[in-house]
Each structure stands twice: as C-alpha cells, then as structure tokens.
Amino acid sequence: MRAAFRSQARACARLGSPLMERLLHGLAGSLQPGTPLTDRILTWPGDPGPAGDALPLRLAAGLHALVLSGTAPALAKAYAAGTPLPAALDALQTHAAQLDRWLDHPPQTNELRRSAPLLAAGHLLTARFGLPLALSELGASAGLNLLWDRCTLTLPGLTLGTGPIHLAPDWDGPLPPARPITIADRAGCDLHPLDPVTDRLRLLAYLWPDQPDRLSRTEAALREAARLRPPLTQADAADWLDHRLVPPRQGTLHIVFHTIAAQYFPAATRARIAATLAAAGTKVTPTAPLAHLAMEADGTPDGAALTLTTWPGGQTESLGRACFHGRWLRWSPDR
C-alpha cells in the first residue's frame, strides 16, 4: 500500500501536480493503523496501485471533495498554502465516514485533454470518409469526452473547432486536415455513469487541486454536457456494444472509442469487444464504415498509444502517442 502511494506521488509529479506529490508521499509514510478508515486502507485486499484499484487517487479525491464542498476549511487553507499533510491527517480523523465512502469507487477522471487526439482523429476520418459521424464511447463516465467536437484545439498554425472547451497541447508532427465535422449521433456506456449535474462534485474532486486549468476546463464541459445530455447507459461495455453496432448505419461513419479505459475492463470484456468489432467489420460497407479509435497504455512508459482500425478492410494503424492526461501529442499517422 505504501509503495502504491509513493508510485502515484511520482506520477503526479511527472504530470505537474507538486501538491499531490507532497500529499501522497506524506501519506505513504504517515498512515498508521488504529481507526476503521486507516485499517481499511492499510489492509486493502486488491491491487492498490495506479494500474489496479488506484487507492491513493480514491482517497485524494475524497479529500479534495471536502475542500470543494467547503466541509473542511482548514484543509482548504492547507492546500492553498501547499502544506497538505497535517490537515489531511486531521481530516482522516474528523471526516472518516465521508472519506470511507470515496474508497468504494474507482476514479472517473473525465480528463478533457484526452479530447485533443479524438478531435484530431475526427478531422482525419472526416477527410478520409466524407461522412457524418456516429460516436460510441466505452467507459464514458459522465460522457464529457463524447463532446470532443465542442472543443477548440489550438495547434501551431492551425485551430480546429470553435467550441467552449479549450485545448492547447504541446504538439509534434504534421497537422491534421481541417474538415467540417457533423455529429449524427452520440452515446456512451459505463458501469457507473455519472450525471453532469448531480455528480458535479465527484467529477471535479478527481482532478488535482493545484491544476486550476483542468478544473475550469471540466466546468466548461459540464455545462455543455448539461445542455446536450449525451445518452449514457449503465452497462457492461461488451454487452452495450453488441446492441449499439446493429444494424450498420447507412451514410454514417460509426466511431467506437475509449481513452484510458480498457485497463479497467475485465479480460473477458476486452476479448468480447474485439470479437464484436471484428464481426461487425465483416458486415459494413463503404457507405456504412466502422472505426475503432483507442488511446490506451501499451506497456511502455512514454504515454499512451493512439491506434485506429477501420472497416471495410480491418486495417490497424498507429496515429502516434499522447500523454495520459493529454498534455502533449506526437501525431504521426501511418498513412
């Protein structure tokens, strides 16, 4: 458990959150048994690490929720001063019941900067196929990244989109083609879908307190989600996709996508998704094509792989790599 906290602290440092680094390193060395909450943390039965149950992020989100809700003024003051540990340890005592509930659920971050490669790929696919797009997101959480067409992506010498959600990642590589995009349909699924209005606190709490740009970007996306209300279904991703792909959508390119979600799917679910996509790919036509777009970890430390498979044909290509939080993109489509 302590190694998991230190590992997550190092990841937070790499991703630009010194406050989270100090908090999680401090908790790794300071948590002691003796209360129901700390005993639960210290004897966590699963994998507490970043690639497993992400226990440190669950606890950090609970602490951030206390700050955002105004429940723990002393903790908010400590966060603002950059000295989070003593007040956080006090909060473990005084707000144990609230924090214990945050341990029950895995993080659902809805990192909006992951929409940057989605928007770039959307322009690329529109240029290739010239069709309206139907979007299907697996592991959609609150569906904020289903709104990638509502982003403005600022690149060196090019701006894509005109939406209220602003993205400006460090970009390396050729510029994607600029094409007018039409969204014919959008929907997503999640085992625990969140509502952009009633679950607003939960969505903001998973962000890191010393990154105000992420908070403001997510607040803009929450406003768009509350306005557009993309349909979200509570379902296993493989079960939902079985129905979502039938029948092929004539005159529409159907894009199935997910960003840093596949690692949370059981192996059987991942296998069924792959089989379902392959089977659907045998039934598509040039006027009803299918694409599978993924931004996922691939076992290398240098960000996430961007991969694209399109049918007819079933050809898979690399689109490059991206920071897990979308801070940078190396855009290099195979073709």
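Which hand, left or right, does the crossing of α2 and α6 have? The points below take up this crossing and its neighbours in turn.

1. This is a predicted model, in which local features need pLDDT of at least 70 and side-chain atom pairs count only at pLDDT 80 or more, while totals for chains, interfaces and linings use all residues. Residues are numbered from 1 along each chain as its sequence is written, and side-chain values use heavy atoms, with hydrogens and water left out.

2. The crossing of α2 and α6 is right-handed, a term used if the near helix is turned clockwise from the far one by less than a right angle, with left-handed for anticlockwise. The axes of α2 (residues 18-30) and α6 come within 10 Å and cross at roughly 55°, the axes being lines fitted to C-alpha atoms over the stretch in contact and the angles running from 0 to 180 degrees between N-to-C directions. That makes α2 oblique to α6 (under 35 degrees counts as roughly parallel, over 145 as roughly antiparallel, 65 to 115 as roughly perpendicular and the rest as oblique).

3. In this contact (heavy atoms within 4.5 Å), Leu23, Gly26, Leu27 and Ser30 of α2 meet Leu85, Ala88, Leu89 and Leu92 of α6. The residues involved divide into six nonpolar, two polar and no charged.

4. Helix α6 (residues 85-94) also packs with α5 (residues 73-81), their axes coming within 8 Å and crossing at roughly 160°. That makes α5 roughly antiparallel to α6, and the crossing here is left-handed. Ala74, Leu75 and Ala78 in α5 meet Ala87, Ala88 and Ala91 in α6, a contact whose residues divide into six nonpolar, no polar and no charged.

5. The structure holds two aromatic pairs, where rings of Phe, Tyr and Trp (its six-membered ring) pair if their centres lie within 6.5 Å, and planes under 30 degrees apart count as stacked, over 60 as edge-to-face and the rest as tilted. The rings of Trp102 and Tyr206 have centres 5.6 Å apart and planes at 70°, so this pair is edge-to-face. Trp102 is buried at 11% relative accessible area (buried means under 20%, exposed over 50%, partly exposed in between, with a 1.4 Å probe and protein chains only), and Tyr206 is buried at 5%.

6. The rings of Trp171 and Trp331 have centres 5.7 Å apart and planes at 35°, so the pair is tilted. Trp171 lies in strand β5 (residues 170-172) and Trp331 in strand β12 (residues 328-331), so parts 160 residues apart in sequence are tied together. Trp171 is buried at 12% relative accessible area, and Trp331 is buried at 3%.

Conventions:
Helices (H or I, at least four residues) and strands (E, at least two) are DSSP runs, numbered from the N terminus. Ala, Val, Leu, Ile, Met, Phe, Trp, Tyr, Cys and Pro count as nonpolar, Asp, Glu, Lys and Arg as charged, and the others, Gly among them, as polar.
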